[in-house]
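I opened a new notebook page for this chain. My plan is to look up a few features one by one and write down what I find.

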Amino acid sequence: MLARDYGYERVQEPEQNTREFHFIDLKKNMEQERDVFVRSCILVIITMLMATYAISVFRSTTKMAVGNSLLSMQSQELQLIESNKLLKLEVEQLKSPERVIGFAEKTLGLSTARSNIYVYPTNVKEMNNTTYALSNK
């Protein structure tokens, strides 16, 4: 045996323990980094789901607004079509020859002497004394 005991075994043990502690620290750091990564992935997924939900709600409200405006425009179109029909009937009634003749006789005091209406030019000599006859049909 040697006169001195250097205790190599004791010196090596702390190196192994330090390596083990270092390995344990690295393992804990890796687990923490993995946990942070998983949390960030979950946060991104939740954010994307919330954004998708918000977009779908916005689209559905927009569709409802467009649908409501379409319905109001359709009802307005039906009202305008009915009004147009009534106005067309009124135009037909107002432009009828019976109404025009009645208005001329009652309001203006005009009357038709015969069934033909004669129109004479202002300068009879230039027109060679020609008379133009218009028939009242």
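I began with Ile46. I noted it as partly exposed because its relative accessibility is 42%. My cut-offs are these: buried means under 20% relative accessible area, exposed means over 50%, and partly exposed is in between, with a 1.4 Å probe and protein chains only. I found Ile46 in helix H1, residues 8-94.

Before going on, I noted that this is a predicted model, where local features need pLDDT of at least 70, side-chain atom pairs count only at pLDDT 80 or more, and totals for chains, interfaces and linings use all residues. Residues are numbered from 1 along each chain as its sequence is written, and side-chain values use heavy atoms, with hydrogens and water left out.

Accessible areas come from the Shrake-Rupley method with a 1.4 Å probe, and for residues only the protein chains shown count as cover.

**Whole chain.** I looked up the fold elements next. The chain has two helices and two strands. Along the sequence I read the pattern α-α-β-β. Helices (H or I, at least four residues) and strands (E, at least two) are DSSP runs, numbered from the N terminus. Of the 137 residues, 2% count as buried. The accessible surface comes to about 13500 Å², and 62% of it belongs to carbon and sulfur atoms.

**Salt bridges.** How many salt bridges does the structure hold? I wrote down three. The term asks for a side-chain nitrogen of Lys or Arg within 4 Å of a carboxyl oxygen of Asp or Glu.

- Asp35 meets Arg34 at 4.0 Å, N to O. I logged Asp35 as partly exposed because its relative accessibility is 34%.
- Glu82 pairs with Lys85, with the closest N and O atoms 3.9 Å apart. The two are three residues apart in helix H1, so about one helical turn separates them. Glu82 is partly exposed at 46%, and Lys85 is partly exposed at 47%.
- Glu92 meets Lys95 at 3.8 Å, N to O. Glu92 is partly exposed at 48%, whereas Lys95 is exposed at 54%.

Is Ser96 buried or exposed? I marked Ser96 as buried, since its relative accessible area is 18%. Ser96 lies in the loop between H1 and helix H2 (97-106). Its side chain reaches the backbone oxygen of Gln93 at 3.1 Å.

**Rings.** I searched for aromatic pairs and found zero. Rings of Phe, Tyr and Trp (its six-membered ring) would pair with centres within 6.5 Å; planes under 30 degrees apart count as stacked, over 60 as edge-to-face and the rest as tilted. I did find the charged end of Arg99 over the ring of Phe103, 5.7 Å from its centre. That entry requires NZ of Lys or CZ of Arg within 6 Å of the ring centre and within 35 degrees of the ring normal.

Key. Polar contact = N/O pair within 3.5 Å; in protein donor to acceptor, adjacent residues only side chain to side chain.
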